[in-house]
Amino acid sequence: MSKVEVYSKGYCPFCHRAKALLNQKGVEFIEYEIDVRPELRDEMITRANGGYTVPQIFINDQHIGGCDEMLGLEARNKLDPLLAV
């Protein structure tokens with residue numbers, strides 16, 4: 001199983017959508033809530049090469065982008081191999 005990390009905010013609808021897809025696939029993930037722990041925001045931006053919107057999603061330390069990018073991977077059947085589901 002791949003290591004999945006999601007930087008999110010509690011009120012973010014895109015975060016909820018991304019997490020719902022991961023939950024639907026039965027994928028465990030580490031969630032970093034930057035509205036609860038704002039000190040993680042700078043770490044997220046650095047890891048995401050300047051990406052400052054949420055969610056920012058990483059699979060095995062590879063930045064895949066946000067919700068739209070993850071849904072795009074799913075639509076092209078490229079998400080499951082990354083997740084090793």
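**Close-ups of the cores and aromatic rings**

**View 1. Who Val4 touches.** Skip the neighbours within four places in sequence, and Val4 is still in contact with Leu22, Val27, Glu28, Phe29, Ile30, Phe58, Ile59 and Leu83. Keep in mind that this is a predicted model.

**View 2. The largest nonpolar core.** This core has 14 residues, and Val4, Leu22, Met70, Leu79 and Leu83 are those with the most contacts inside it. At least two of its residues come from each of strand 1 (4-8), helix 1 (13-24), strand 3 (56-59), helix 3 (67-75) and helix 4 (79-83). Another core, of 10 residues, lies apart from it and includes Tyr32, Ile34, Leu40 and Val54.

**View 3. Tyr7 with Tyr32.** Searching the whole structure turns up two aromatic pairs. In one of them, Tyr7 and Tyr32 are tilted, at 4.8 Å centre to centre with 35° between the planes. Tyr7 sits in strand 1 and Tyr32 in strand 2 (residues 30-33), so to speak a link between distant parts of the chain, 25 residues apart. Both Tyr7 and Tyr32 are buried.

**View 4. Tyr7 with Phe58.** Here the ring centres of Tyr7 and Phe58 are 5.8 Å apart and the planes meet at 75°, so this pair counts as edge-to-face. Because Tyr7 belongs to strand 1 and Phe58 to strand 3, the pair ties together parts 51 residues apart in sequence. Tyr7 and Phe58 are both buried.

View 5. Over the ring of Phe58 sits the charged end of Arg47, 4.1 Å from the ring's centre.

Methods: Residues are numbered from 1 along each chain as its sequence is written. This is a predicted model: local features need pLDDT of at least 70, side-chain atom pairs count only at pLDDT 80 or more; totals for chains, interfaces and linings use all residues. Side-chain values use heavy atoms; hydrogens and water are left out. A nonpolar core is a set of buried Ala, Val, Leu, Ile, Met, Phe, Trp, Tyr and Cys residues joined through side-chain atoms within 4.5 Å. Buried means under 20% relative accessible area, exposed over 50%, partly exposed in between (1.4 Å probe, protein chains only). Helices (H or I, at least four residues) and strands (E, at least two) are DSSP runs, numbered from the N terminus. Contact means heavy atoms within 4.5 Å. Rings of Phe, Tyr and Trp (its six-membered ring) pair if their centres lie within 6.5 Å; planes under 30 degrees apart count as stacked, over 60 as edge-to-face and the rest as tilted. A charge sits over a ring if NZ of Lys or CZ of Arg is within 6 Å of the ring centre and within 35 degrees of the ring normal.
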